[in-house]
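Colleague: I would like to go through this model feature by feature. Please give me the reading rule each time, then the case.

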Amino acid sequence: MGLFSFLTQEIAIDLGTANTIIIHNDKVVVDEPSIVALDQSTGKLLAIGTQARQMHGKTHENIKTIRPLRDGVIADFNAAEQMIRGMIKMINPKQKFFTPTLRMVVCIPSGSTEVEIRAVRDSSEHAGGRDVYMIYEPMAAAIGIGIDVEEPEGSMVVDIGGGTTEIAVIALGGIVCNQSIRIAGDGFTADIQAYMRHQHNIKIGERTAEDIKIEVGSALPDLDNPPPDYNVRGPNLMTAMPIEIPISYQEISHCLDKSLSKVESAIISVLEQTPPELYADIVSKGIYLAGGGALLRGLDKRLTDKINIPFHIAEDPLHAIARGTGIALKNVDKFSFLLR
Ligand SMILES: Nc1ncnc2c1ncn2[C@@H]1O[C@H](COP(=O)(O)OP(=O)(O)OP(=O)(O)O)[C@@H](O)[C@H]1O
Ligand SMILES: [Mg+2]
């Protein structure tokens, strides 16, 4: 470590719709939900991350909670900037008087438009980034999974995040073909919310729906290790009286079926566009799943059965993209596919 190394700090950021992860010196130093709480009248930042998430859906007129990203891209520029700034501060909370210069790599969805890329760059610069590089998320995911992305060999990565599902074929350090659809974890959560309303006449919030997804979420109606039913409480839509309903994973698998079919179709359509030589590589190696959605019970099996190519879940899928972004950060000079 050089004498002045404390003056510059190198960080990698996975700015996700659901979670933001920051890596510094190969370690995850921030892992927080992407959400902020602001004072309605002054616009002052009240809380970030987990603390703000606890307020989500429980605020009164003076406080509002905002998820600055929607569908993988920045939807609220001011909130995004405050969030990035606040999360960077979490790395070294003791440094009050002086902020080091930041060199950072941030990952962006592969379907980003110029305007969306600009928004990420501007927010990062406003939050203190001096050298800001960007990397496409599927590329970061592949690196994080441990694929040698510069080999003349095809690999397919499917990253199911909160806002988007990114499907890409990578070879020779580039994305050969890809598709980004706005159906992912948030969509599954919304499906559950709608299902509970229609099927059980019970009104639940986003957080409860997400809890159901994590406790009894399933991509298959028949699991080898089924989770026990999950009791959901809430007001009856007709009477406003409290009710409690046990929910089984089978029900949730039916309720998610439509969205999962769309993910399958998108994967098949990317396979259709894949050049035959690369296709053969993918069939022999299998397809890698990353992002929080990869943790949905039975998803790997469902996709393997449906598409007839083995699907592998990345190690620690929630951190794979950040891990890859961190590796890119250390190789900024070597990786030509980084955007600047
Ligand atoms: N065990 C689980 N089962 C099903 N879904 C899960 C599980 N754990 C987390 N998730 C979902 O994964 C999603 C978050 O994944 P991730 O952190 O990869 O998204 P993100 O990177 O923030 O979003 P994006 O990449 O779309 O911007 C959330 O929708 C969350 O509900
Ligand atoms: Mg992501």
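**Reading the model**

Modeller: Start just after H4, where Gly-146 takes a positive phi of about 105°. Helices (H or I, at least four residues) and strands (E, at least two) are DSSP runs, numbered from the N terminus. This is a predicted model, in which local features need pLDDT of at least 70 and side-chain atom pairs count only at pLDDT 80 or more, while totals for chains, interfaces and linings use all residues. Residues are numbered from 1 along each chain as its sequence is written, and chains are lettered from A and ligands numbered from 1 in the order in which they are written.

Colleague: Which residues of H4 are buried?

Modeller: A residue is buried if 20 or more other C-beta atoms, placed from the backbone, lie within 10 Å of its own, exposed if 12 or fewer, and partly exposed in between. In H4 the buried residues are Glu-137, Pro-138, Met-139, Ala-140, Ala-141, Ala-142, Ile-143, Gly-144 and Ile-145. The helix is largely enclosed by the rest of the structure, because 9 of its 9 residues are buried.

Colleague: What does Ile-145 touch?

Modeller: Contact is judged on C-beta atoms placed from the backbone, with a cut-off of within 7 Å. Leaving out residues up to four places away in sequence, Ile-145 touches Val-157, Tyr-288, Ala-290, Ala-314 and Ala-320.

Colleague: Which residues of the largest nonpolar core touch the most other members?

Modeller: A nonpolar core is a set of buried Ala, Val, Leu, Ile, Met, Phe, Trp, Tyr and Cys residues joined through C-beta atoms within 7 Å. The largest one has 94 residues, and those that touch the most other members are Ala-12, Val-106, Ile-135, Ala-142, Ile-145, Val-157 and Ala-290. Helix H7 (residues 249-273) supplies the largest share of this core, 8 residues.

Colleague: How is the protein chain divided into domains?

Modeller: The bounds come from an automatic or database domain assignment. That assignment gives domain 1 (5-140 + 321-330), domain 2 (148-183 + 259-313) and domain 3 (185-255). Taken over C-alpha atoms, the centres of domain 1 and domain 2 are separated by 27 Å. Across their boundary, 15 residues of domain 1 are in contact with 17 residues of domain 2.

Colleague: Which elements each supply at least two residues of the side of domain 1 that touches domain 2?

Modeller: They are strand E7 (69-70) and helix H4 (137-145). H4 gives the most, with 3 residues. For classes, Ala, Val, Leu, Ile, Met, Phe, Trp, Tyr, Cys and Pro count as nonpolar, Asp, Glu, Lys and Arg as charged, and the others, Gly among them, as polar. This side of domain 1 has 7 nonpolar, 5 polar and 3 charged residues.

Colleague: Which strands pair with E12?

Modeller: Two strands pair if DSSP finds at least two bridges between them. Strand E11 (residues 155-160) runs antiparallel to E12 and is joined to E12 by 6 bridges; Ser-155, for one, has Ile-170 as its bridge partner. Strand E13 (residues 174-181) pairs with E12 over 7 bridges, also in the antiparallel sense, and there Ala-168 has Asn-178 as its partner. E11 and E12 form a hairpin with 4 residues between them. The hairpin of E12 and E13 has 2 residues between the strands, and Leu-172 in that turn has a positive phi of about 50°.

Colleague: Are the residues of E12 buried or exposed?

Modeller: In strand E12 (residues 165-171), 7 of 7 residues are buried. Thr-165, Ile-167, Val-169 and Ala-171 point one way, Glu-166, Ala-168 and Ile-170 the other way, and all are buried.

Colleague: What surrounds ligand 1?

Modeller: A residue is near a molecule if its C-beta atom, placed from the backbone, lies within 6 Å of it. The shell around ligand 1 holds 22 residues, the closest being Gly-16, Ala-18, Gly-161, Gly-185 and Gly-292. Helix H5 (185-200) and helix H6 (206-216) each supply at least two residues, with H6 giving the most, 3 residues. By class the shell has 6 nonpolar, 13 polar and 3 charged residues.

Colleague: Where is Asp-26, with its positive phi?

Modeller: Asp-26 sits in the loop between strand E2 (19-24) and strand E3 (27-33), with phi near 65° although the residue is not glycine. Asp-26 counts as exposed because 11 C-beta neighbours lie inside 10 Å.

Conventions: Two residues are in contact if their C-beta atoms, placed from the backbone, lie within 7 Å.
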